[in-house]
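Dear colleague,

Please find the structure below, handed over for your reference.

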Amino acid sequence: MATQNKPKQIQCGYCQAGNPVPPFASVVTCDSCGMSNELKSGKVLENHHMLSIYFSGSELQELVPQYLSKFVGVPSDFADKTIFKEFELRMMPFWVFKFSGKTQYKGIGKYVNSSQGSRWSKSIDIRRRPEQGNIDMDQTCLVFGYPEQHREIRDEKIPVGSKEAFDINAVKREAGVIYDTEIGYDDAYGFALGQVKSRHQQLIYREIVQIDGMNQDIDLQEVSYLHVPFYRVTYSYGNWTGEALVDAARGKVLRAEYPISKGHRIWGLGAIILALAMIAGGIILALVLPAWNIAGYVAIGIFAGFLIFGLKETLTKKKVAAE
Ligand SMILES: [Zn+2]
């Protein structure tokens, strides 16, 4: 792998402190003052927010085992024997766009003309007619800062309404690490605008079947660069180690790995033995008694499924709990 001799640096546009530029970053948040510098424009972003870090590492020691207690196969002594090793607070980046959008449309709609038919039947008669209407709504769009990585965070419903001004000291108090977006402002804006337009179109097609004309006016009301706190927690249970991801603003476990209890794996082993026996039986049946041919093959098929289930349960030592 090629190494760069000189790590790229950027001077903060607000406090002039030097900051390293991570590969692929579009924005660099200054480690000294907490202002965010956009690389492409060289400007300091005006609106930089965060969600407060309400949960600390020590609280997660209860939260994670509590969350896992409802999943099947978790060892019963998991809460007592688990040793928490690391709590890494990550401030993850989102762009937040607020739009107000208006669309006037006209086109062709369908309606049902249920005029009286004969005495015995009603004729249902679908007709078309020109229609027009308006869509007028405000919409908030979030764009997660990473196109590929950290997928488990992207689809989270972020409670944007509770955002506060970004506070670098609050992040430092919890030894948080700031992650900056790889998606620049322009791309994020384009993506969000596309979301608004497709939402309008979706709503129009609920009313009419064909659009003949449209007059659209979509205004950006507000944009914010938002950091949302997540904990990556690592823990061990005997020789086993696993990790969990927790939303630190709401204390919600997004995913957590857990070891499979011995009892659960014995079940898996039982399934394997049973399946092997039945498959053997099926083969014998199919070979010895031609009349039972089909039944034999069906049995082999069913118990092959059983075998796969058993193998999976026995060999997996780690499972992921996620909702
Ligand atoms: Zn600075």
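The protein contains seven helices and 13 strands; helices (H or I, at least four residues) and strands (E, at least two) are DSSP runs, numbered from the N terminus. Please note that this is a predicted model, in which local features need pLDDT of at least 70, side-chain atom pairs count only at pLDDT 80 or more, and totals for chains, interfaces and linings use all residues. Residues are numbered from 1 along each chain as its sequence is written.

As to overall dimensions, the C-alpha trace spans about 80 × 80 × 40 Å along its principal axes. The radius of gyration of the protein is 29 Å, whereas a compact globule of 323 residues would have one near 20 Å (taken over C-alpha atoms; the globule rule is 2.2 Å times the number of residues to the power 0.38). Of the 323 residues, 25% count as buried, that is, with 20 or more other C-beta atoms, placed from the backbone, within 10 Å of their own.

Three domains divide the protein: domain 1 (9–94 + 142–184 + 222–258), domain 2 (99–136 + 196–219) and domain 3 (262–322), with bounds from an automatic or database domain assignment. The C-alpha centres of domain 1 and domain 3 lie 44 Å apart. Between these two domains, 10 residues of domain 1 are in contact with seven residues of domain 3 (C-beta atoms, placed from the backbone, within 7 Å). On the side of domain 1 that touches domain 3, strands E11 (240–247) and E12 (252–259) each supply at least two residues, and E12 gives the largest share, five residues.

Technical notes: A residue is buried if 20 or more other C-beta atoms lie within 10 Å of its own, exposed if 12 or fewer, and partly exposed in between; C-beta atoms are placed from the backbone.
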